[in-house]
Each structure stands twice: as C-alpha cells, then as structure tokens.
Amino acid sequence: MTSVPASTRVVASTAPRPWGRWGLRVAVASYLGFMILLPLAAVLQRGFADGLTAFWQELTSQTAMDALRLTLLTAAIMAVVNTVMGTLTAYVLVRYDFPGRRWLDGLIDMPFAIPTLVTGVMLVTLYGPQGVIGGFLEARGVSVIFARPGIILALLLVSYPFVIRAVQPVLLEAERSQEEAAHTLGASGWTTFRRVVFPTIRPAVISGGLLAFARALGEFGSIVVVAGNIPGRTLTAPVYIFQQIESENPRGASAMSIILLGLSFALLLALDWWQQRKGLRHV
C-alpha cells in the first residue's frame, strides 16, 4: 500500500473548501438583503402601490414640497459651514500642538455617541426662550428654537465630525516638505494652505461635505425637538414622514421616503464614481 507523504496530507487538510467560501458569501448577502434590501423594497412597493399619479400627488402637495425645500436648504447651509469649519478644525488638530488637543480630538466624536433627541434637548436648554443665550436673543427679536436657525444648529452639531474625520487622516499622511519649502520661499501661511495643503486634502473635503449633506437629509431626532414642526415654516421632510405615519397615510410617508432615499443614494453613487475616476477610492 502506497503511503501519502505527510506534507501532502497537511496541504489537503488545510485546502479551502468551496462550500466554506460560498457559505460566507451567502451569509453576508442574506444579512444585507434582510437588513437593507427587503425594507427598501417594502417602501418602494408601498409608495408606488397606487400608481405614479397617486405617488406624484402625494409628493407635490404644498406641505410636502415646502418640507422638502426646507430640508434641502438647511442641509446645504450646514454642509457649507461644516465643510469650512471641519477642514479648519482638522488642520488645527493635526498641525498644532497645544494643551488639551487630545481631549478636543476625542470630543469631536461625541455627536456620534449622543442620541439625537438628547442633542435637541441640549439646544432647547441653551437657545430656548428660557435659556441664557436664547433669552438674550429673544429679547432682541431673534428666535433660534422653533425657527429655522434652530434646525441649522441641530444639523451643524450632528454632522460636525464627518468632514473632520475625512480630512484628518489625509493631513496625517501628507508630506510636510512642500509646506516647509513654501515657507522657506517666503509664502504666507494662507498662501501655503491654499496652494500646497488644500489641493492635497480637497478630495477628502468634498467627500466629507457630501457625506454630511446626505446625513442631514435624514436627521429626525434633534429636529423634531427644536423645529416646532410648523408646516410651510419649520417642518422638514423626515418630520413630515413621521406626521404622515401618525395621520395613517403610509402612501405619503413612503413617497417622501423614496425621494430622500433616492437623493442620498445618488449622492453616494456620485461620490463613489468621482473617487474612482480620480483614483481616490481609499479616501
């Protein structure tokens, strides 16, 4: 009887089994389908169950259009402000050493950990008519809570980390030799940032800004506390969806949900395409 060498037996016993690879793939695909694709299909089915005409009527009602416009407007304002401030914050955290820097760096991620309803309560406590800052502003005719500024403040807070965490790793990996050369040649700090640093971090800045915008489109918890939810004035699309569900109008809720899902998905697809086109998929 011919004996099989020990090395051959070891290789045979450790060779990957096709069923193991396929089993892992099936498990991941099933989980993805159960958690994302199945709920998405349910929303699409309910939104278009009564035809395109009914879907369009729900979406083009005055209240729905006002809510969608307000959501896009406040999300755009937030994205611009947080893109600028997030980029500057990341630059300060990476390029400067100062007392409390590590503490500040850890504090950046707090909006990810704090429930959004708690965020809304915090803002009402501070900027509400009975708050210190809010009372001061109300006495001068400036309303923050239960007005559009409150919505923008809530979005700024919950979306603040996105640009920072996108830009920070790029700055950490960037070579500083070009910056030092620019300083040696007499370039000012602003000129060095604009001509040397910003072209390097620009893809990360754009990515972070788009992710923050997409996140703001679906913000509900903090908005429902600070906005007052007045149709035509402070009612946003996510809160509109909630009101439609409470009013037993699932078709209207599904129609607006489909629009928000479509906008977010389109943004992510555009971001992914742009990163691949520029060879920046790792950003």
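Predicted model: local features only at pLDDT ≥ 70, side-chain atom pairs only at ≥ 80, totals over all residues.
Student: Which residue meets the side chain of Arg 69 in a salt bridge?
Tutor: A salt bridge needs a side-chain nitrogen of Lys or Arg within 4 Å of a carboxyl oxygen of Asp or Glu. Here the N to O distance is 2.6 Å. Both partners lie in helix α4 (residues 62–95), three residues apart, about one turn of the helix; helices are DSSP runs of H or I with at least four residues, numbered from the N terminus. The partner of Arg 69 is Asp 66.

Student: How many residues apart in the chain are Asp 50 and Arg 251?
Tutor: These two form a salt bridge, with their closest N and O atoms 3.1 Å apart. Asp 50 sits in the loop between α2 and α3 (52–59), whereas Arg 251 belongs to helix α14 (residues 250–277). The pair thus links distant parts of the chain, and the separation is 201 residues.

Student: Is Glu 219 buried or exposed?
Tutor: Glu 219 pairs with Arg 215 in a salt bridge, the closest N and O atoms lying 2.7 Å apart. Arg 215 is partly exposed at 28% relative accessible area. Glu 219 has a relative accessible area of 3%, so the class is buried.

Student: Within what arc do the buried residues of α7 fall?
Tutor: In α7, the buried residues are Thr 119, Gly 120, Leu 123 and Tyr 127. Seen down the helix axis, they line one face, where the arc is taken from the directions from the axis to the C-beta atoms. What covers them includes α8 (132–138), α9 (148–173) and α12 (221–226), with contact meaning heavy atoms within 4.5 Å.

Methods: Residues numbered from 1 in each chain as written. Heavy atoms only, no water. Buried < 20%, exposed > 50% of the residue type's maximum accessible area, 1.4 Å probe, protein only. Helix = DSSP H or I, 4+ residues; strand = E, 2+ residues; numbered from the N terminus.
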